[in-house]
Structures are given as C-alpha cells and as structure tokens.
Amino acid sequence: MEHEDGKTDETDDAVNGSLALDTTSLEDIRDVPANMNAFLAGIERRAWRMAEIHLGNRDDAMDAVQDAMLRLVRHYGEKPAGEWTPLFWGILRRRIVDLQRRRKVRSIIVGWIGGGRDDEGDELPSWDPADDAPDPSARLQDSQAYGDIVEALRRLPRRQREAFTLRVMEGLDVAETAAAMGCSDGSVKTHLSRAMHALRDQLEAWR
Amino acid sequence: MSQNDRNLERRARDLYLRASRDVDPAMAGRLRAARRAALAGPRESIARRLLIPASAFAMVALASLIVWQPGGGGTAGEPTAISQAMDNEPNDLPPDADSADPTLYQNLQFYSWLAYADAPSAAQRK
C-alpha cells in the first residue's frame, strides 16, 4: 500500500471503514445489462455528470462520454457484459485526463501567443472553451449542495477526485475502481482516504 | 468510518444520482444520439470490412479482363466486328507523315525531277 505522507494508521482506519460503503440507491444501477445498448443507456447520464465534474465544461464532458462509448463498443463489445462497467469508467477516465492535458497545452500556447496579458497588461485567464448553456445545477432542487460538493471535488488532486467519484459516487468496488484508475487496490484506498479527509474539511457545513 | 463520513458519502452519492437523472433534455438528446452513433459504428466497419475485399476482387477482375482480351486467342486471324467496321469506313485523310513509308517521299522527288527533266525535251520536240 502507498503511504506517501506517512499517515499509515489513520489511512488504514479510514480505508477499512470505506470498504463498508453504504450502497444506498446503487443497487438499481449495478445490474448486469442485457446488451450494450441497455448498458450505455443506463450509464450515459451518470458518465456525463462524472465527466462534467472533472472537466468543468458541458461540451468537453459530452465529447469525453461520446468517445468513451465509441471505444467501449469498438474494442470491448465482445467482452462479457459484467466487465463493461470498470472498462467503461477506465476509458472515460483516460479520455478526461487526455482532455485536461490538451487544455493545459492550449493554455500554454495561448499564453505564448498573447503573452498571457491583455492590452492593459492584466493577466488573461487560462484558456477555457465557451460554455453559454445555463448551469445544470440550477435545475436541481438541491442545487446549492450539489454545487458545493462539485466545487470541493474540483479542488482535490486528480487521483483523489477519481477515487472518490468512482468508489463513493459511482459505487464501484475497490477492485473495479483500481482497474478503472489503472492502479493497485492499495492506491485506491489511500487516495480515497485522503479525499475523504479533504472533503470533511471543505464541507464542514454538511455535518 | 464515522456517522458523519457515512452521511457525507450518502449525500454526495444521492446528489450525483439525482443530478444524473435531471440532465436537461437537450443534453439527454445529445447523449442518446452519441449512444446510437457508437452502436452504429461497428456496423459501418463490418460493412467496410466486406466492401474492401469486394472492391479488391472487382479490381482484379477488371485487370484480368484488360489483360485477357476476349476472342483474342482462338480467332487471331479474324477481325472483330469493330475493326471490320473501321476498315469499311472511307479513308479521306492523307497518310500520316510519321507512319508513311519514307521511300514514298523519295519516289515523289524522283518523279517530280523526271517530270521537270522531260518538260524541255517535250518542248523541243514540238
């Protein structure tokens, strides 16, 4: 197990607790699908929300989900349906990381071209595609709370955010989360523990 | 895990699932279209997989037709209908200088000299 910050005991305690994850309202989304269409139909909206949390942009999230669907069908359509879930989340995670890296490169290039400063010498914001659509969270009855958790998640390091969203929000087990993240079970537990610790601090008002 | 942590997990998950259910209709439509496109993708590639050998076969067949001219083997001496028709057409054009026999032009020069040489003797005879 990874112990990068030396908080071995605290991490393990938290991890063991997390293994007994409360699976309320997850049962209906974990049934083995009858076919690929049913699988994608059941997961597509959650996948888009997940991508939106990580990317912070609706259209980029849409691109990531579309590409993940295409790759799953093309490369893993012949696999047993029970394996599709971790495969899909793994593909989507990689697409999200690709888009984040591409966006970073664009920011650097825009910085080089424009010098990162406007005519008055003020620093320009980093490049971000236009997103004129209304905030989807405004449609939610509990939109403020959803906005809080999304904001808190976006402040987390990427691996911690991935561990929390896949393990807690999407309800994958530790092995599936590890497969989707491309790391060991121990790393998942460590990232998740740290994410929980950070979120506890950030979401003090939720207690 | 403390009760607070359980509450945090449950609440985060509930909000996420609710937000996923409440995706706006426009985005839901785009997701449906993306799913259909993804599912249609392999069918296209299967069609392409069948089309590539078919077109290759057609190319080979065309090439062999060009190389092996029908009727050219057993009836080499007999002109085809097309060549017969061409032979029957009146040939009004002068012979091509490149393809004509060079001795023809030598002979023409000789005959023109002969005609010129014969002309004074014919006049003297008169």
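Author: Let us start with the words for angles: those under 35 degrees count as roughly parallel, those over 145 as roughly antiparallel, those from 65 to 115 as roughly perpendicular, and the rest as oblique. Please keep in mind that this is a predicted model, in which local features need pLDDT of at least 70 and side-chain atom pairs count only at pLDDT 80 or more, while totals for chains, interfaces and linings use all residues. Residues are numbered from 1 along each chain as its sequence is written, chains are lettered from A and ligands numbered from 1 in the order in which they are written, and side-chain values use heavy atoms, with hydrogens and water left out.

Reader: Which helices does each chain have, and how is a helix defined here?

Author: Helices (H or I, at least four residues) and strands (E, at least two) are DSSP runs, numbered from the N terminus. Chain A has 8 helices and 0 strands, whereas chain B has 4 helices and 0 strands.

Reader: How do I describe two packed helices, and at what angle do H8(A) and H1(B) pack?

Author: Two packed helices are described by the angle between their axes and the distance between the axes. The axes are lines fitted to C-alpha atoms, for helices over the stretch in contact, and the angles run from 0 to 180 degrees between N-to-C directions. Helix H8 (residues 185-202) of chain A packs against helix H1 (residues 3-21) of chain B at about 90 degrees, with the axes 11 Å apart, and H8(A) and H1(B) are therefore roughly perpendicular to each other.

Reader: Which residues of H8(A) and H1(B) meet?

Author: With contact meaning heavy atoms within 4.5 Å, Met196(A), Leu199(A) and Arg200(A) in H8(A) meet Asp5(B), Leu8(B) and Glu9(B) in H1(B). By class, this contact of H8(A) with H1(B) has 3 nonpolar, no polar and 3 charged residues, where Ala, Val, Leu, Ile, Met, Phe, Trp, Tyr, Cys and Pro count as nonpolar, Asp, Glu, Lys and Arg as charged, and the others, Gly among them, as polar.

Reader: At what angle do the axes of H7(A) and H8(A) cross?

Author: The axes of helix H7 (residues 174-181) of chain A and H8(A) cross at roughly 95 degrees and come within 8 Å, which makes H7(A) roughly perpendicular to H8(A). In this contact, Val174(A), Ala175(A), Thr177(A), Ala178(A) and Met181(A) in H7(A) meet Asp185(A), Val188(A), Lys189(A) and His191(A) in H8(A). The residues of the contact of H7(A) with H8(A) divide into 5 nonpolar, 2 polar and 2 charged.

Reader: How many aromatic pairs are there over all chains?

Author: Rings of Phe, Tyr and Trp (its six-membered ring) pair if their centres lie within 6.5 Å; planes under 30 degrees apart count as stacked, over 60 as edge-to-face and the rest as tilted. By this rule there are 5 aromatic pairs over all chains. One of them, Phe39(A) with Phe88(A), is edge-to-face, at 6.0 Å centre to centre and 85 degrees between the planes. This pair links distant parts of the chain, since Phe39(A) lies in helix H2 (residues 36-55) of chain A and Phe88(A) in helix H4 (residues 84-114) of chain A, 49 residues apart. Ring pairs also link Phe39(A), Trp84(A), Phe88(A) and Trp89(A) into a cluster.

Reader: Are Phe39(A) and Phe88(A) buried or exposed?

Author: Buried means under 20% relative accessible area, exposed over 50%, and partly exposed in between (1.4 Å probe, protein chains only). Phe39(A) counts as buried because its relative accessibility is 6%, and Phe88(A), at 0%, counts as buried too.
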